[in-house]
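Dear colleague,

I am handing over the structure below, together with an account of what was found in it. Please read the notes with the sequence and the structure side by side.

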Amino acid sequence: MTRRKMKNGIIHISYSKIDFNCPHWGNHYRDDEDKYLDRCNGNKNGCTTIKCNRCDQKFGMTYNIMGDAVSFEI
């Protein structure tokens, strides 16, 4: 997946995978606006908690060393 952003006139291209699923239900999520990335960067552990829209269960999400979005059960 290619993602492009304009920051101060510079184009940033990233080939990271920004799609992930709820590990409980499989509901699809996409972080194309960096909402979850910003939440991960704001926490010391680099993870964030998300409540699934379908099953109402919480799960964790982070980015791995390759920059790909990863979800996991809490």
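Cys47 is partly exposed, its relative accessible area being 21%, and since this is a predicted model, that value, like the others below, is computed from predicted coordinates. The closest cysteine sulfur to that of Cys47 belongs to Cys40 and lies 6.3 Å away, which is too far for a bond, because a disulfide would need the two sulfur atoms within 2.5 Å. Cys40 itself counts as buried, with a relative accessibility of 3%, whereas Cys47 is partly exposed. By the distance rule, the count of disulfides comes to 0.

Cys40 also belongs to the largest nonpolar core, which has 12 residues in all. Besides Cys40, this core is made up of Ile18, Phe20, Cys22, Tyr29, Tyr36, Ile50, Cys52, Phe59, Met61, Tyr63 and Ala69. Helix H1, covering residues 35-41, and strand S6, covering residues 58-63, each supply at least two of the core residues, and the largest share, 3 residues, comes from S6.

The aromatic residues deserve a separate paragraph, and the count of aromatic pairs comes to 5. In one of them, the rings of Phe20 and Tyr36 have their centres 5.6 Å apart and their planes at 80 degrees, and because an angle over 60 degrees counts as edge-to-face, that is how this pair is described. The pair links distant parts of the chain, as Phe20 lies in strand S3 and Tyr36 in helix H1, 16 residues apart. Both Phe20 and Tyr36 are buried, the relative accessible area of Tyr36 being 9%. Tyr36 also forms an edge-to-face pair with Tyr29, with 6.5 Å from centre to centre and 85 degrees between the planes. Tyr29 is likewise buried, at a relative accessible area of 6%. Taken together, ring pairs link Phe20, Tyr29, Tyr36 and Phe59 into a cluster, and each of these four residues is also listed in the largest nonpolar core.

Turning to charged side chains, a search of the whole structure finds 2 salt bridges. In one of them Asp19 is paired with Arg30, and the closest N and O atoms are 3.4 Å apart. Asp19 lies in strand S3 (residues 19-21) and Arg30 in strand S4 (residues 28-30), so this pair ties together parts of the chain that are 11 residues apart in sequence. The side chain of Arg30 also meets that of Asp32 in a salt bridge, at 3.8 Å from N to O. Arg30 counts as partly exposed, at 37% relative accessibility, and Asp32 is partly exposed as well, with a relative accessible area of 43%. Through salt bridges that share partners, Asp19, Arg30 and Asp32 are joined into one network.

With best regards

How values were computed:
Residues numbered from 1 in each chain as written. Predicted model: local features only at pLDDT ≥ 70, side-chain atom pairs only at ≥ 80, totals over all residues. Heavy atoms only, no water. Core = buried A, V, L, I, M, F, W, Y, C linked by side-chain atoms within 4.5 Å. Buried < 20%, exposed > 50% of the residue type's maximum accessible area, 1.4 Å probe, protein only. Helix = DSSP H or I, 4+ residues; strand = E, 2+ residues; numbered from the N terminus. Salt bridge = Lys/Arg side-chain N within 4 Å of Asp/Glu carboxyl O. Phe/Tyr/Trp six-rings, centres within 6.5 Å; stacked < 30°, edge-to-face > 60°.
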